Amino acid sequence: MTLNNNILDTPVEFLKGVGPLRGALLLKELNIQSYGDLLKHFPMRYIDTAGITNISELTHEHEYVQLRGVIFNFKEEGQSFRKRHTATLYDKTGSIELIWFQGGSYVQKNIQPNAVYNVFGKLSFFNGNANISHPEIELFNASAPVNSMQPVYSTTEKLKAKGVTNRSFAKLMQGLFEKINEQSIPEILPADVLQHYKLMPRFEAFRQIHFPASEKHKWHAERRLKWEELLLSQLKILKLKLNHHQQAGFIFPNVGAHFNEFFNNHLPFSLTNAQKRVIKEIRQDTFSGKQMNRLVQGDVGSGKTMVALMSMLLAWDNGFQSLLMAPTEILAQQHYQGIKELLAPLHIPVAILTGTVKGKERKQVLEGLAKGVIPIVIGTHALVEDTVKFQNLGLAIIDEQHRFGVTQRAKLWTKNDHPPHVLVMTATPIPRTLAMTVYGDLDVSVIDELPPGRKPIETIHRSENFRPKVMQFLKNEIEKGRQIYIVYPLIEESEKLDYESLKAGYEQVKAWFPDPKYRVAMVHGKQPLDEKERNMHRFVSGDAHILVATTVIEVGVNVPNASVMVIESSERFGLSQLHQLRGRVGRGSEKSYCILLTGFEISKESRQRMSIMTQTSDGFVIAEEDLKMRGPGDIYGTRQSGALDFKIADIIHDVEIMEETKVAAQTILNNDPMLEQPMHRALQIQIHHSRNKQVQQWNKIS
Ligand code: ADP
Ligand code: MG
């Protein structure tokens with residue numbers, strides 16, 4: 001193949017109006033190195049240069065406005081770091097203040113008195129007077145064509161200072177389009193795809209996104225470019241999945257004695273249909289001869305542990321060892337106790353391996369695993385240490401996986417010559433778009449049903465001044481024999497402070513419950529493990545009525561008799577975390593409550609979060625809302641993943657396009673898995689190219 005010697009690879013400094021200085025700055029500030037990079041610097045919005053508002057007509061309803069007038073009265077106000085420049089813009093109907101916190105003197109130097117300017121910016125009000133800070137200013141040119149969709153680009157203060165403003169980018173872009181043509185931006189999508197999905201041709205889309213002829217053109221251009229970006233991402237993900245599926249896996253042909261014995265005689269309840277379905281899916285995977293890579297999603301309390309247990313029995317019936325890895329010591333302990341009890345009648349040895357298992361005991365476990373006499377081991381990330389060797393690990397289960405680093409998952413593969421089947425269980429419902437991207441290479445099973453008899457949890461939002469009433473309520477619940485969680489936020493950056501507020505909270509709770517008949521335990525991340533265990537145990541065993549805790553209890557802990565969850569400073573938690581915490585109650589037969597305590601005055605967003613929590617207990621709704629409110633980067637540690645580095649597509653709003661591209665990618669790969677056919681060559685090259693550019697750590701799940 002001849003290297004595509006494309007004009008788009010030309011360094012951006014050679015473009016008219018750029019030059020070495022701005023070229024270097026464009027690279028440093030916006031990572032724009034070549035013509036091609038500039039082309040992909042898409043407008044952040046468009047303004048209507050035809051529409052001008054009279055200053056006298058401005059109201060609080062306006063957000064972004066374009067005004068036209070003359071600029072006078074430059075002044076410098078304030079002291080040192082609060083220093084700012086102001087000026088006044090006059091039109092025939094009135095005047096408005098313009099403000100600069102930086103770079104004001106540069107603007108002042110360049111404004112000509114008596115010249116007419118178009119001024120664009122976001123309106124704010126101070127003491128009832130309108131102003132615009134850091135407006136975009138452009139000399140009004142009466143003979144220039146009016147355009148209802150002029151592009152506005154993101155830029156930086158440094159670039160602005162060198163004359164590359166939000167709107168001057170348009171001039172660069174114009175210069176660029178004088179140099180390129182349809183050959184420079186060849187089509188990469190197959191003709192039938194273009195036709196079937198009614199997509200704008202590639203060159204046209206790039207031109208129309210920068211200089212749309214109309215709103216409609218812009219819409220089509222945007223759709224086409226998003227489509228291309230998402231299709232490439234889906235192709236990458238599905239190819240990865242295809243690779244997994246080509247990986248040979250252990251075969252578990254038998255549903256054997258242990259599985260059946262347990263299922264028929266020792267199951268403490270009947271499985272929900274959803275649990276049965278997921279177990280069946282796992283059965284099929286482990287029978288297929290291919291390696292399983294499955295994500296089991298199920299809301300808190302949906303019974304994932306039982307699915308894990310049955311899968312481990314299946315492995316053992318076929319002579320394979322299993323591991324179950326939990327994110328915390330407490331959770332590993334709890335799984336261990338529960339599973340050991342359930343398996344006692346079957347005489348299946350179960351071991352635990354965590355950081356606290358030491359000395360002789362540890363040696364025994366390690367030996368048992370290496371010799372293959374321990375069929376099931378439960379633990380924390382201690383399980384992936386190099387010293388842990390298995391005789392024949394057939395199944396690795398990761399519980400509540402969002403707490404695990406990708407590298408820890410990857411390490412599981414080195415435990416055997418052949419990779420074990422991998423089951424990832426998560427209680428964090430994953431919004432559809434994330435499921436299609438970050439986890440797109442895993443097969444997904446959903447436990448979409450809770451065990452019968454669960455009573456809905458009543459969620460109540462109360463501000464601080466209701467505390468006495470809340471405490472009285474807690475007393476009444478304890479009188480009825482219930483147990484209570486009181487959770488305090490703990491945010492790493494201010495750990496010390498939070499820790500103090502937790503201790504103060506603990507003292508406060510004790511003060512509310514002075515009678516020694518009330519017993520209060522406390523657990524937090526800073527306690528020595530054995531102390532934490534002891535306190536936790538006091539609560540699990542029913543000895544303590546109240547557990548004051550940090551979010552260490554967020555994941556997995558199961559105390560059915562605990563029916564009230566009080567979350568202190570709820571405004572400091574994210575939605576998904578609140579949902580996880582709430583999931584700790586409502587596990588028994590009693591009516592359960594979740595009380596969200598907040599300060600009296602909270603932000604609009606916090607209020608919105610509280611209201612979502614009180615209105616729904618559907619984990620998927622909450623996850624979608626969380627994604628909308630916070631953006632994907634903060635959630636599930638996806639920021640580093642690279643899977644969401646989209647230039648134009650938007651993981652929240654482009655679900656439909658994502659689904660279309662998923663179908664299209666699937667169809668393309670079904671016909672041409674290696675993308676070798678001539679009409680897919682261009683796609684293959686693009687994928688290859690972007691793979692070299694990005695380190696996609698998230699691939700390492702495999
Ligand atoms: P999670 O999915 O949050 O990990 P668990 O596996 O901890 O949920 O199960 C929550 C509770 O529900 C446990 O007490 C478990 O014994 C119980 N449970 C699980 N499956 C069923 C079922 N099919 N019927 C009744 N109770 C069940
Ligand atoms: Mg669980």
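Q: At what angle do helix α19 and helix α21 pack?
A: About 155 degrees, and their axes are 8 Å apart. Here α19 covers residues 575-582 and α21 covers residues 619-630. Axes are lines fitted to C-alpha atoms, for helices over the stretch in contact, with angles from 0 to 180 degrees between N-to-C directions. Because angles over 145 degrees count that way, α19 is roughly antiparallel to α21.

Q: What kind of model is this?
A: A predicted one, in which local features need pLDDT of at least 70 and side-chain atom pairs pLDDT 80 or more, while totals for chains, interfaces and linings use all residues. Residues are numbered from 1 along each chain as written, chains are lettered from A and ligands numbered from 1 in written order, and side-chain values use heavy atoms, without hydrogens or water.

Q: OK, back to the helices: which residues of α19 and α21 make the contact?
A: From α19, Leu575, Ser576, His579 and Arg582 take part. Their partners in α21 are Gly619, Ile622, Glu625, Asp626 and Met629. Contact means heavy atoms within 4.5 Å.

Q: How many residues of α19 are buried?
A: Seven of its eight, so α19 is largely enclosed by the rest of the structure. Buried means under 20% relative accessible area, and exposed means over 50%. The buried ones are Leu575, Ser576, Leu578, His579, Gln580, Leu581 and Arg582.

Q: What do those buried residues of α19 pack against?
A: Strands β16, β17, β20 and β21, plus helices α20 and α21. Helices (H or I, at least four residues) and strands (E, at least two) are DSSP runs numbered from the N terminus.

Q: In what order do the strands of the open sheet come?
A: There are six strands, in the order β16-β21-β20-β17-β19-β18, and the pairing is parallel. Pairing takes at least two DSSP bridges. At the edges sit β16 (457-463) and β18 (520-523), each pairing on one side only. Neighbouring strands of this sheet are turned by 20 degrees against each other on average, direction ignored.

Q: How many bridges link β16 and β21?
A: Seven bridges, in the parallel sense, with β21 spanning residues 592-598. Within this pair, Glu458 stands opposite Tyr593 of β21.

Q: Which strands does helix α18 touch on the sheet?
A: Helix α18 (residues 529-540) touches β17 (483-487), β18, β19 (546-549) and β20 (562-567). The direction of α18 makes about 140 degrees with that of β18. Helix α20 (residues 604-615) packs on the sheet too, touching β16 and β21, and its direction makes about 155 degrees with that of β16.

Q: New topic! Which residues touch the most other members of the largest nonpolar core?
A: Trp227, Leu231, Phe262 and Leu343, out of 89 residues. Such a core is a set of buried Ala, Val, Leu, Ile, Met, Phe, Trp, Tyr and Cys residues joined through side-chain atoms within 4.5 Å. Helix α11 (residues 304-317) gives the largest share, nine residues. Leaving aside neighbours within four places in sequence, Leu343 is in contact with Phe262, Leu309, Leu313, Ile348, Val350 and Ile376. Another core, of 32 residues, lies apart from it, and Ile32, Ala170, Ala205 and Ala221 are among its members.

Q: And what is phi of Asn127 near?
A: Near 50 degrees, a positive value in a residue other than glycine. Asn127 is in the loop between β5 (117-126) and β6 (129-133), and counts as exposed at 68% relative accessibility.

Q: Where is Lys198 placed?
A: In the loop between α6 (191-196) and α7 (202-210). Phi of Lys198 is also positive, near 50 degrees. Lys198 is exposed, with a relative accessible area of 63%.

Note on methods: Angles under 35 degrees count as roughly parallel, over 145 as roughly antiparallel, 65 to 115 as roughly perpendicular and the rest as oblique. Buried means under 20% relative accessible area, exposed over 50%, partly exposed in between (1.4 Å probe, protein chains only).
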